[in-house]
Amino acid sequence: TPEELGVGVFILGIMELFSFFFTSIVDSSFISVKNIEDKNNGTVFWSSLILSLITSVILVFGLSIYYSDSHLILMVIVASTYIPLQALSRVHIVHLRRAGQFKSLAQRSIFGKVVGMLVAIALAIYGFGTWALIAQAVIMSLVSSVTVLIAYKVKIPFNIELPFLYRLVAIGLPASAKAFSSMSLLRGLVVMIETTLGSAQLGYFNFASRLVQLPRDAINGVILGYAYPVISNRKNSGADIDVFFLQATKFSLYAVLPLFFGFAVLAEPVVGLFFEDKWLPSIFLTHILALVTAASLYSLLIPSYLVATQNTFRGLKGEIIGSVLAFICYLFLYQKFDILAAVIALIVRLIVVLPVNISVMLRVSSIKLTTLLHVFIKPTLCSLAMYLTILALPLVFELSLSVRIVLSLALGAFIYIAMCLLIEKSLFIDFKRFLKSG
């Protein structure tokens with residue numbers, strides 16, 4: 001039910017927020033180190049694991065005060081294991097990315113997601129409600145971490161070298177703070193919706209958010225997992241990274257933008273066909289959140305460039321200001337606009353943060369604004385043509401939901417590919433060359 005989903009997401013969201021903070025520091029700093037020694041592995045592994053365990057204990061204690069129900073406290077304890085489980089394999093994941101073993105890493109990640117999903121489905125069928133959501137995240141993290149630890153051996157001595165740790169934190173903390181401000185907005189909205197509008201409205205918001213978040217996180221993980229080590233390696237080797245960044249941004253937008261534009265317009269038939277009527281209020285939320293996610297993709301690779309050039313501190317104030325304004329916006333609007341106030345808050349943050357990130361990128365590179373906009377425009381035009389075509393389809397024809405989905409996918413793919421070839425005839429050939437050059 002929406003109420004059960006609201007409680008589960010509230011508990012899990014807090015754990016994911018702190019886990020994301022720690023893993024972002026490691027991912028954005030350790031991967032840029034030119035030569036990693038065994039003692040460096042030990043420093044990162046043990047410090048992140050110890051800090052994550054301490055954080056889990058503090059969160060369990062704090063949430064146990066908030067929840068008096070023993071059943072919910074047990075749920076909090078199980079969910080808290082998510083943080084150290086995520087920290088367990090970060091060193092190994094960084095080494096896999098540096099070695100270019102993206103396929104191996106993706107396979108293990110997908111395997112963990114599938115196992116977690118199957119367990120969640122089984123629990124949901126047998127009526128365990130909120131436990132299904134908690135179990136999915138914890139088991140997914142457990143399976144993914146264990147398979148990575150078994151498959152890829154890294155020497156990890158029991159060693160914590162404080163000077164090296166301080167250097168990593170100095171690089172990784174600003175980048176993590178930026179990412180944290182974005183995720184803290186989502187998690188902060190979870191808390192605000194729970195306390196101001198109730199668990200049912202939180203359930204609707206998180207249903208829509210999860211539908212968009214799951215593919216977004218998977219896609220972003222693949223792209224950033226490739227971009228971080230490749231751009232950093234090119235920088236360390238003295239190669240030009242500006243041209244590579246522009247090419248990576250262009251092809252990423254061509255590949256990902258249509259997915260979220262398409263998902264936005266397909267939200268209505270997908271939710272109507274595959275989910276119960278009680279989730280219908282989430283359709284419009286899903287549509288708008290998918291469009292907001294699509295707009296955020298324009299700055300997707302900028303953090304990778306800033307990490308490679310050690311400019312992670314730039315733009316941090318803009319990120320924080322955007323999140324603060326979004327919170328204020330929600331508090332002023334929730335009584336009038338109900339759950340839509342949360343979506344408006346996310347849009348406000350995007351309007352602030354996107355120009356800030358682009359401005360930072362232009363300041364630290366030799367890239368001109370006109371060049372960057374030229375990269376943005378072509379994929380956007382192709383995606384908009386597809387989006388408007390699919391949007392007009394039910395206005396012209398009366399179709400069942402299943403037929404509408406199939407026809408929308410076929411027509412959308414045709415329109416998008418046709419527009420791509422019309423605007424940029426050598427797109428697919430250039431993409432193959434880019435992959436080889438990376």
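**Burial, packing and charge pairs**

Author: Asp-217 counts as partly exposed because its relative accessibility is 36%; buried means under 20% relative accessible area, exposed over 50%, and partly exposed in between (1.4 Å probe, protein chains only). This is a predicted model, in which local features need pLDDT of at least 70 and side-chain atom pairs count only at pLDDT 80 or more, while totals for chains, interfaces and linings use all residues. Residues are numbered from 1 along each chain as its sequence is written, and side-chain values use heavy atoms, with hydrogens and water left out.

Asp-217 belongs to helix H9, residues 199-236; helices (H or I, at least four residues) and strands (E, at least two) are DSSP runs numbered from the N terminus. Between Asp-217 and Glu-319 there are 102 residues in sequence and 19 Å in space, C-alpha to C-alpha.

Asp-242 is in helix H10 and is buried, since its relative accessible area is 9%. Setting aside residues up to four places away in sequence, Asp-242 touches Tyr-305, Ser-365, Ser-366 and Ile-367, contact being heavy atoms within 4.5 Å. Asp-338, by comparison, sits in the loop between helix H13 (316-337) and helix H14 (340-364) and is partly exposed because its relative accessible area is 32%. Most residues other than glycine have a negative phi. The phi of Asp-338, however, is positive, near 60°.

For Ile-193, the contacts beyond four places in sequence are Gly-198, Gln-201, Leu-202, Phe-205, Tyr-330, Ile-339 and Ala-342.

Ser-52 of helix H2 (residues 38-66) is buried because its relative accessible area is 0%. Its contacts, neighbours within four places in sequence aside, are Phe-22, Ile-83, Pro-84 and Ala-87. In helix H11 (residues 283-296), the 14 residues should span 20 Å at 1.5 Å a residue, and the end C-alpha atoms are 20 Å apart, which agrees; the expected span is 1.5 Å times one less than the number of residues. Ten of the 14 residues of H11 are buried, among them Ile-283, His-287 and Val-292.

Leu-118, in helix H6 (residues 102-125), counts as exposed because its relative accessibility is 52%. Together with Ile-110, Val-114, Met-117, Ile-121, Ile-125, Tyr-126 and Phe-128, Leu-118 forms a nonpolar patch with about 860 Å² of accessible area. Patches are made of residues with over 30% relative accessible area and no salt bridge, like charges being joined within 9 Å and nonpolar side chains (Val, Leu, Ile, Met, Phe, Trp, Tyr) within 5 Å. The areas come from the Shrake-Rupley method with a 1.4 Å probe, and for residues only the protein chains shown count as cover.

Lys-250 and Glu-424 are both buried.

Glu-268 forms a salt bridge with Arg-404 at 3.6 Å between the closest N and O atoms. Glu-268 lies in H10 and Arg-404 in H16, so this pair ties together parts that are 136 residues apart in sequence. Glu-268 is partly exposed because its relative accessible area is 42%, whereas Arg-404, at 11% relative accessibility, counts as buried. A further salt bridge, 3.7 Å from N to O, connects Arg-433 and Asp-430. These two residues are three apart in helix H17 and are therefore separated by about one helical turn. Arg-433 counts as exposed because its relative accessibility is 57%.

Note on methods
A salt bridge is a side-chain nitrogen of Lys or Arg within 4 Å of a carboxyl oxygen of Asp or Glu.
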